[in-house]
4 protein chains.
Amino acid sequence: MKEKVVLAYSGGLDTTAIIPWLKETYNYDVICCCVDCGQEEELDGLDERAKYSGATKLYIEDIVDEFCDDYIVPCVQAGAVYEHKYLLGTSMARPGIAKKLVEIARKEGAVAICHGATGKGNDQIRFELGIKALAPDIKVIAPWRQDNWNMDSREAEIEYCKKHGIDLPFGTDSSYSRDRNLWHISHEGLELEDPSLEPNYDHLLVLSVSPEKAPDEPEYVTMTFEKGVPKSVNGKEMKVSDIIRELNRLGGKHGIGIIDIVENRVVGMKSRGVYETPGGTILMEAHDQLEELCLDRATMEMKKEIGNKLAQVVYEGKWFTPLREALQAFVESTQEYVTGEVKFKLYKGNIIKAGTTSPYSLYSDSLASFTTGDQYDHHDADGFITLFGLPLKVRAMMLQNTKDLKK
Amino acid sequence: MKEKVVLAYSGGLDTTAIIPWLKETYNYDVICCCVDCGQEEELDGLDERAKYSGATKLYIEDIVDEFCDDYIVPCVQAGAVYEHKYLLGTSMARPGIAKKLVEIARKEGAVAICHGATGKGNDQIRFELGIKALAPDIKVIAPWRQDNWNMDSREAEIEYCKKHGIDLPFGTDSSYSRDRNLWHISHEGLELEDPSLEPNYDHLLVLSVSPEKAPDEPEYVTMTFEKGVPKSVNGKEMKVSDIIRELNRLGGKHGIGIIDIVENRVVGMKSRGVYETPGGTILMEAHDQLEELCLDRATMEMKKEIGNKLAQVVYEGKWFTPLREALQAFVESTQEYVTGEVKFKLYKGNIIKAGTTSPYSLYSDSLASFTTGDQYDHHDADGFITLFGLPLKVRAMMLQNTKDLKK
Amino acid sequence: MKEKVVLAYSGGLDTTAIIPWLKETYNYDVICCCVDCGQEEELDGLDERAKYSGATKLYIEDIVDEFCDDYIVPCVQAGAVYEHKYLLGTSMARPGIAKKLVEIARKEGAVAICHGATGKGNDQIRFELGIKALAPDIKVIAPWRQDNWNMDSREAEIEYCKKHGIDLPFGTDSSYSRDRNLWHISHEGLELEDPSLEPNYDHLLVLSVSPEKAPDEPEYVTMTFEKGVPKSVNGKEMKVSDIIRELNRLGGKHGIGIIDIVENRVVGMKSRGVYETPGGTILMEAHDQLEELCLDRATMEMKKEIGNKLAQVVYEGKWFTPLREALQAFVESTQEYVTGEVKFKLYKGNIIKAGTTSPYSLYSDSLASFTTGDQYDHHDADGFITLFGLPLKVRAMMLQNTKDLKK
Amino acid sequence: MKEKVVLAYSGGLDTTAIIPWLKETYNYDVICCCVDCGQEEELDGLDERAKYSGATKLYIEDIVDEFCDDYIVPCVQAGAVYEHKYLLGTSMARPGIAKKLVEIARKEGAVAICHGATGKGNDQIRFELGIKALAPDIKVIAPWRQDNWNMDSREAEIEYCKKHGIDLPFGTDSSYSRDRNLWHISHEGLELEDPSLEPNYDHLLVLSVSPEKAPDEPEYVTMTFEKGVPKSVNGKEMKVSDIIRELNRLGGKHGIGIIDIVENRVVGMKSRGVYETPGGTILMEAHDQLEELCLDRATMEMKKEIGNKLAQVVYEGKWFTPLREALQAFVESTQEYVTGEVKFKLYKGNIIKAGTTSPYSLYSDSLASFTTGDQYDHHDADGFITLFGLPLKVRAMMLQNTKDLKK
């Protein structure tokens, strides 16, 4: 009996060409596995295609809700944004996919897992670190990094497929390099490779319209959260995945969450991409809006650092690590009272706050108001400033006393 | 001869009422000092008003360029934003004012400095820590925190003035509590004291229009920086203060930089305010856009932490401290190669990137492109991932080996 | 019926004098509460003394085990050391005492809690923040900060007591100002107030001997931990408080854990103290020794930052805050596999490692050895270094290319 | 004419065997370069040995003072200690060596630089990142990572040398793997590869004696610093390298600075080593002792983080990076007033503080003393605590008010 390999399969040209290549190169039985994170791809006919291309079996695994609950929600709660701009759409999905691939590999008794990520990107790292952490004994195959993978263009891949009896209607023209899931879509390549050029948004956008093309009428939205977890949109309770779908619809319509960045990849170079994250952008800002009321200053400051750190860890593919778990434990602890309602207005790329309430609000109007309330005695500020400023005063006195020493 | 006090004077009701109060309470000669940070107030007739109100002398000191060069530029370079939202408009101005007050106090041989900030806010701290640090021997008087300051309304102040022969046309109606300078205007009070309410932007905005009222046509802007210092707008070289003026005009027109936040004051309570920072918002984003090209990942990550720390330090009024100096030294060191041109589009509240160039760009299209270039050998990724993921693999193997121990 | 106050009572002169003062000043019934954190004070006769001094009731509350389990263990696990030197002995005890005082106050229906800490130290803050957090409605009385507390010397206190019919044999000579509990003893005052002077250790030490006076023979000790909690010393399982007692004995004998520092108080000034923490120093180092084997680099680095932050939070009296809870949640998450045995040698102030083992050790000799093992392929380092160093190379190439621009 | 390679040459077996190997493999002229960082090796006869072994030329470059001034002093000022234990002895030397190798390579017009570090350690990274940063166009050769380097034992190297006519008296027995320079000596290998074993200190120690063998008499030492730079020992002004030599003598005699750690290498595995850093340990503690007096709390806290970060950066070989420069700029800014004298006692492994003075001391005994001084008003603490604890109180009141909501 042949050994088995599990292949992360999308149905596209790249991963289809890998099927015969794996059989030829390793003499493996190829088990394809298509993990659905909400990429909205055509899954009909995928089974036929995989088998026609030489696969022994195809698994189609829907992990959308797991993706939302176990990966997205913790990152939203943490405010995890890589380099303060990238909302980690691809980064959060990869470990979930790796976990599923390992699960299938164990079930099938496979000896290897294969993915189609290139040797320049971050995804190879995220897949492989996930697999290492969950199944250190399983071999990883990354064809694009191998010398015996001789296909360096779509044409070459098509020809290779044909030579192996696979004749499928793949196009040869390359567009942007994209990755899509429920949370976002990323775009790289073409004009984006030159940072001096403006993105061709008309050509590029998939989930959203540009602010210029968004409606002239603003739209109010309300959302509720319980312990940092989104619960409803516009009064309607939904599971998280449906909330994101609804926010994608609203955000996409109003041109929300389109960003254009030069980011630093794990493998050491800068790359330029455009991300559309319509619903995710709204969700993170709404959560942040609520935290303004519910978290105290010291917690919020530390949590921002923790969130930045988590973003780096997730970006680097280190999901299944003790550090990610510990960072998440910190964040979860802060969410106990992040419960309440936020209201905002969507208008041509803007999310404009329109009021926030929480039963656990730490805002006290009687304290904040400039009219002295009975909770606040202005004289306390005297003592506070004296001691808060004591180190500055001691230093200034020292400097006055030692002026001559400096000469 | 009487002892002298230097009073931070604006010409408004609050600081005007302080003049007779200081004379009555302390028997001081009152030297008024109006420090101009670009607040665009009416300064004509201020001298007459001060003297009519009993002041011995009035200084009008224009520190706008110093404010820009010594306070704003370092904060822009640092990306210093308090609680990731507030661009520190008031916080950066206070130490500059304190420094000028001390300078006048020294020149006049004054024994005290008086300011009109209330006992609930941050400004009292910023003024007083500035004074402590520069002149620890000078007494600070904060009338609003004193028991013998009996005026708790505008009416009471007007009456007190009249009783002391000062009859000036101050209105009794209170509006938002505002602070304005070249960089921004802040608004507190009225409906803003209830975070569940949407701000009344039509009533509130001073420097800008709301996105809804901004032009339907986007406008492209180019800016250049040299070593992190802004040098030109739309091809025209200007000093920093003029750049900010021009960006204020552009940003105000296009509804840029209006934020609505619940922030945490130094004195321990939350307050809610709306800030307009049209030019400042553009300037910080433009600088950030350029740094994406010119800074490496490790420097950028650390710099973000440093910038957050600087924001806290500045917000807390600790400008004249060794920590602020050291943070600034870090930041300056990173700006050596932050030189280049950024282009962006302003449209109804959005700043949309439209291309960035720098002679010191660290972006390499031959590295970033998915087509293998001669600078990048895909095989290197094998070794990289093996070692980068080694700790995960070692741990996973340990866990496999010790599975039984856990039971 | 009179209102009640709960007084944190030690039986010493200061808190004894407070009893009549509270009755005279507020007409309260005084409920004394002596909270035992292991201070090894004479508790016999305390009840008589309190009542003789006018107290209505005395509670003696032993919280030693709670102090160990709920306060010390989390700080040990975190490696929380203030300013990298002070092991937080007093800081960790104060919140536990505050909690107990609040509990008694609730039980008794008291309206106020009184403590005898001075106005210059940290302890007033720790007591009062603890009480604020647990019982914001209860009034706090700090006699030493009040104008109507007219006693500024031990003599004055003794005289005041006598005037109120309390004649007890208190001495008038002042020694070091000390705070002792199971974890440590602190010393301040006398020659220590001049940082240029060497401490008079012969006079000062209570729990330990100086290294010079420690035995000439080293002593080996073994300890075990389970999930970061100490479990045994020299093969004998004990509860944490007994482990600390045994380590105090061992550490004290061998001159371990005596530190002399100038620290920065919360109230803004520097103070100089000597701390003896014989058992605590051993415990923290032993835990750290084990973590070297059991934690990966990334987790350890972040945990050090978290531990430093926790130390600041605890030092500042902010135990009952969401930030402390979140920091602790982080730490707990990292302790899952901190299980194993450490061995070390105590010798005249030194803790010398003598071997560490753990079933969850991440150390792999086959990886670490310079002889190539089959787990490690030297070629991987090529790829790793190429990508790890890519940002440096890209920058160097950019600088070479732009050399002329700089001129 | 042949192309040239510069070889980092020590005169030992490893780097001697590389000479014929480079000639055979690449047909290069081999320029040897021995960079002296204070390793106290026998340099007499090195020229003859290099040439006898086939080298075209030998450079002996003494960089000891540069090593002290440009690498050690900044790290001492920063308090840079990797994983809070390792004083970076090897890490700080490598970039200085790399810089010198590049300098010689440029002078000689060499096309490559070769080093003898193995593929498992950190040094390969430090050498190569240094070279990449300074000369990205120069090729790096690391024989130990190459397939055509077939020598996997000392015997094999000796045999290879003999085959190429090099007959030198190298021993075949392997001892600890060591690296020595002015700052430290490191030991790895033999029994150290098993963390459960106690190091064989009698066999191992080179620069120092163990505490047990140190003198029974303590020895007092005084040191002075100016702006954070060490200036004198026991009243005698010396250049930094001589200060380190003298402290090495003193520290070695008294058993100071011997550490035994399991550290995390850059390449992802843990390794165990013993380091002797007698003088360095004293120098860092003395500097720290002075900073306790001269730095304020906020600066010191941030500086600790910066120092930890610098330690990581230096450990990882990233000396020639903008981040290291910026971190160093921060640190330098803090050293302005780190001037004064420290006194301490060395005794059997202990450095015991014995008094510190500074003209810029921020310690004020009148502030710190428990007797109220005129600089401190106890009442200020009331106001301070009220506002410092305000967030806790507001939260507690909110929780009381919302108790029912939680049910």
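# Exercises on a predicted four-chain model

**Exercise 1.** Describe how helices α13 and α14 of chain B are placed relative to each other, and name the residues that make the contact.

*Solution.* The model is predicted. Start with the two helices: α13 of chain B covers residues 378-388, and α14 of chain B covers residues 390-401. Their axes come within 4 Å and cross at roughly 50°. Angles under 35 degrees count as roughly parallel, and 65 to 115 as roughly perpendicular. The angle between α13(B) and α14(B) therefore makes them oblique to each other. Next, list the contact residues. From α13(B) come Thr386(B), Leu387(B) and Phe388(B), and from α14(B) come Leu390(B), Pro391(B) and Leu392(B). Finally, sort these residues by class: five are nonpolar, one is polar and none is charged.

**Exercise 2.** At what angle do helix α5 of chain C and helix α14 of chain D pack, and which residues meet?

*Solution.* Because angles under 35 degrees count as roughly parallel, α5(C) is roughly parallel to α14(D). On the α5(C) side the residues are Leu129(C), Lys132(C) and Ala133(C); on the α14(D) side they are Leu392(D), Lys393(D) and Ala396(D). This contact has four nonpolar residues, two charged ones and no polar ones.

**Exercise 3.** Decide whether Leu295(C) is buried or exposed, and find what it touches.

*Solution.* First locate the residue: Leu295(C) is in the loop between α9 (278-294) and α10 (297-315) of chain C. Its relative accessibility is 4%. Buried means under 20%, so Leu295(C) counts as buried. Then look at its contacts, leaving out residues up to four places away in sequence. Within chain C, Leu295(C) touches Met300(C), Lys303(C), Thr334(C), Val338(C) and Leu362(C). From chain D, Asn264(D) and Lys270(D) touch Leu295(C). One of these contacts, Leu362(C), is 67 residues away along the chain, yet the C-alpha atoms of Leu295(C) and Leu362(C) are separated by 7.2 Å.

**Exercise 4.** Classify the ring pair Phe384(A) and Phe384(D), then the ring pair Tyr86(C) and Tyr315(C).

*Solution.* The structure holds 42 aromatic pairs over all chains. In the pair of Phe384(A) and Phe384(D), the centres are 5.5 Å apart and the planes are at 15°, and the pair is stacked. Phe384(A) belongs to helix α13 (residues 379-388) of chain A and Phe384(D) to helix α13 (residues 378-388) of chain D, so this pair joins two chains. Both Phe384(A) and Phe384(D) are buried.

For Tyr86(C) and Tyr315(C), the centres are 5.9 Å apart and the planes stand at 85°, so the pair is edge-to-face. Tyr86(C) sits in the loop between α3 (64-78) and α4 (89-108) of chain C, and Tyr315(C) in helix α10 of chain C, so the pair ties together parts 229 residues apart in sequence. Tyr86(C) and Tyr315(C) are also buried.

**Exercise 5.** Which rotation superposes chain B on chain A, and which superposes chain B on chain D?

*Solution.* For chain A, a rotation of 180° with 0.0 Å of shift along its axis superposes chain B, with RMSD 0.0 Å. The two copies are thus related as by a two-fold rotation axis. Of the contact residues of chain B, 100% recur in chain A, and the same surface serves both copies.

For chain D, the rotation is 180° and the shift along the axis is 0.0 Å, again with RMSD 0.0 Å. The C-alpha of chain B nearest this axis belongs to Phe330(B), at 2.4 Å. Chains B and D meet through the same surface, because 100% of the interface residues of chain B are also interface residues in chain D.

Conventions. Residues numbered from 1 in each chain as written. Chains lettered and ligands numbered in written order. Predicted model: local features only at pLDDT ≥ 70, side-chain atom pairs only at ≥ 80, totals over all residues. Heavy atoms only, no water. Least-squares fit on C-alpha atoms with pLDDT ≥ 70 in both. Contact = heavy atoms within 4.5 Å. Axes fitted to C-alpha atoms, helices over the stretch in contact; angles between N-to-C directions. Parallel < 35°, antiparallel > 145°, perpendicular 65-115°, else oblique. Nonpolar A, V, L, I, M, F, W, Y, C, P; charged D, E, K, R; others polar. Buried < 20%, exposed > 50% of the residue type's maximum accessible area, 1.4 Å probe, protein only. Phe/Tyr/Trp six-rings, centres within 6.5 Å; stacked < 30°, edge-to-face > 60°.
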